[in-house]
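Please read this briefing beside the sequence and the coordinates. The points that follow are grouped by topic, with the cut-offs given where each term comes up.

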Amino acid sequence: MDTKLILPSRISSLSKLDRFLKQPRFASSRFFLFVDENTYSHCLPLLISKVAALESAEFFEVPVGEEAKSIEVAAQLWGALLESGADCNSVIVNLGGGCVSDLGGFVASAFKRGVPVVNVPTTLVGMVDAAIGGKTAVNLDHVKNAVGYFHPAAAVCVEPAFLDSLPDEELVAGFFEMVKTVLLSDAASFEALAEAVGQEGRVSLDLIKRHLNDCVAFKQAVVKTDPYEHSVRRMLNLGHTFGHGIESYLLECGTPVSHGVAVGIGMACALYLSVKKVGLDASLLERYVAMLRKMVDVPPFSLRDTEGILHYMRQDKKNRDGLILCVLIQELGLPVIDVSVDENEVRDALLSLHKL
Ligand SMILES: NC(=O)c1ccc[n+]([C@@H]2O[C@H](COP(=O)([O-])OP(=O)(O)OC[C@H]3O[C@@H](n4cnc5c(N)ncnc54)[C@H](O)[C@@H]3O)[C@@H](O)[C@H]2O)c1
Ligand SMILES: [Zn+2]
């Protein structure tokens, strides 16, 4: 199914969403809204005031963050939907960040063998990444995204006004996913986005909003070309092989960083190896690291840390035949996927970070 991407223009996204939901195909549909505590208070009032089609929607509140992404919460929601008389014409509307849309998409994918889902992302991660592309999942036994389906949304509605209440650290997390998009595409220039970061490391919301549509449209175009991640969609893993290793290791050490920050550091490693292995101009690496340092205290990794990070990188589900595979970039907008990287190169990148 094609996902209708609703982006802001002269007409607000929420007005367009209202029109979308009033189509004849939804005439006999009931709408069920999934929110968490924060989107209930910060986002639901705006949504309801602008989208008349959702005025009488029933809403269910789910736990905040990763707690929501469990099979138990999914089962409670299936039960609540049945009790409320939801049927196969019902539509689930996810109002929240990636945790709400991953869970809500998962619930929708299996309820009555699949009901339509509409994503209204309220975090930057949700807007530029999680809400688009059909991946849904819950966690199992502390394994992230262990169980899930591809269930593309009928529509994704991006309303930048929701970002106004987003805490700074959540903005930073999404910002690195945006930077990833810019490095992979020529949708917007890297320099302009780097300008969004002030000297004190704060991200300018205005500049983010200006580049939002391009980043969202880029992700949508990539997943449309390769919905099941057999080829080009893998480029979206830029920075993530290192990033997941760093995220898991620092969590184990009791000094956790957010996924976005880990990916931000991971992209510096990927750019470092891009210079060494595929001829990326070193000045891009320098500009990237200068921006990263304004926002993040990059830890000086020791030899022991590199072994800890490598331990997790060896388990990356994208690896094949025991090889660690990374996305590198030759130049802005020109990624190379599935570059095999040996363990000494991983160690070199992690140990060099601090000297860049
Ligand atoms: N499916 C995919 O393709 C995909 C891609 C990337 C990430 N993800 C998943 O997304 C999840 C992370 O998503 P996230 O970063 O959006 O986290 P999140 O959904 O936990 O939201 C972050 C925090 O912001 C709060 N919040 C949300 N919107 C707000 C608003 N407008 N104002 C104030 N507070 C608000 C939330 O309540 C939460 O506390 C992870 O589980 C990750 O695995 C999925
Ligand atoms: Zn990510």
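**Briefing on the predicted model**

Strand 9 (residues 324-331) and strand 10 (residues 334-341) are paired in the antiparallel sense over six bridges, where two strands count as paired if DSSP finds at least two bridges between them. This is a predicted model, in which local features need pLDDT of at least 70 and side-chain atom pairs count only at pLDDT 80 or more, while totals for chains, interfaces and linings use all residues. Residues are numbered from 1 along each chain as its sequence is written, and chains are lettered from A and ligands numbered from 1 in the order in which they are written. Helices (H or I, at least four residues) and strands (E, at least two) are DSSP runs, numbered from the N terminus.

**The hairpin**

- Strand 9 and strand 10 form a hairpin with two residues between them, and Gly333 in the turn has a positive phi of about 85°.
- Glu331 has Leu334 of strand 10 as its bridge partner.

- Strand 2 pairs in the parallel sense with strand 3 (residues 58-62) over five bridges, and the bridge partner of Leu33 in strand 3 is Phe59.
- Strand 2 is also joined to strand 4 (residues 91-96) by four bridges, the two running parallel, and Phe32 has Ile92 as its bridge partner in strand 4.

- The axes of helix 10 (residues 240-252) and helix 11 (residues 259-278) come within 7 Å and cross at roughly 130°, where axes are lines fitted to C-alpha atoms, for helices over the stretch in contact, and angles run from 0 to 180 degrees between N-to-C directions.
- Helix 10 and helix 11 are therefore oblique to each other, since angles under 35 degrees count as roughly parallel, over 145 as roughly antiparallel, 65 to 115 as roughly perpendicular and the rest as oblique.
- Helix 10 passes helix 11 in a right-handed crossing; a crossing is left-handed if the near helix is turned anticlockwise from the far one by less than a right angle, and right-handed if clockwise.
- On the helix 10 side, His240, Phe242, Gly243, Ile246 and Glu247 meet residues of helix 11 that include His259, Ala262, Val263 and Ile265; two residues are in contact if their C-beta atoms, placed from the backbone, lie within 7 Å.
- The axes of helix 13 (residues 303-313) and helix 14 (residues 343-352) come within 10 Å and cross at roughly 130°, which makes helix 13 oblique to helix 14.
- The crossing of helix 13 and helix 14 is right-handed, and the contact is made by Thr306, Ile309, Leu310 and Met313 of helix 13 with Glu343, Val346, Arg347, Leu350 and Leu351 of helix 14.

**Two buried residues**

- Cys157 is placed in strand 8 (residues 155-157) and is buried, with 29 other C-beta atoms within 10 Å.
- Leaving aside neighbours within four places in sequence, Cys157 is in contact with Ile6, Ser13, Leu14, Leu17, Val118 and Val120.
- Met178 lies in helix 7 (residues 168-184) and counts as buried, with 27 C-beta neighbours inside 10 Å.
- Leaving aside neighbours within four places in sequence, Met178 is in contact with Val128, Leu193, Ile208, His211 and Cys215.
- The C-alpha atoms of Met178 and Leu124 are separated by 8.5 Å, although these residues are 54 residues apart along the chain.

**Positive phi outside glycine**

- Arg113, a residue other than glycine, has a positive phi near 60°; Arg113 lies in the loop between helix 5 (98-110) and strand 5 (117-121) and is exposed, with 7 other C-beta atoms within 10 Å.
- Asn145 also has a positive phi, of about 55°, although this residue is not a glycine; Asn145 lies in strand 7 (residues 143-147) and counts as partly exposed, with 15 C-beta neighbours inside 10 Å.

Terms used:
A residue is buried if 20 or more other C-beta atoms lie within 10 Å of its own, exposed if 12 or fewer, and partly exposed in between; C-beta atoms are placed from the backbone.
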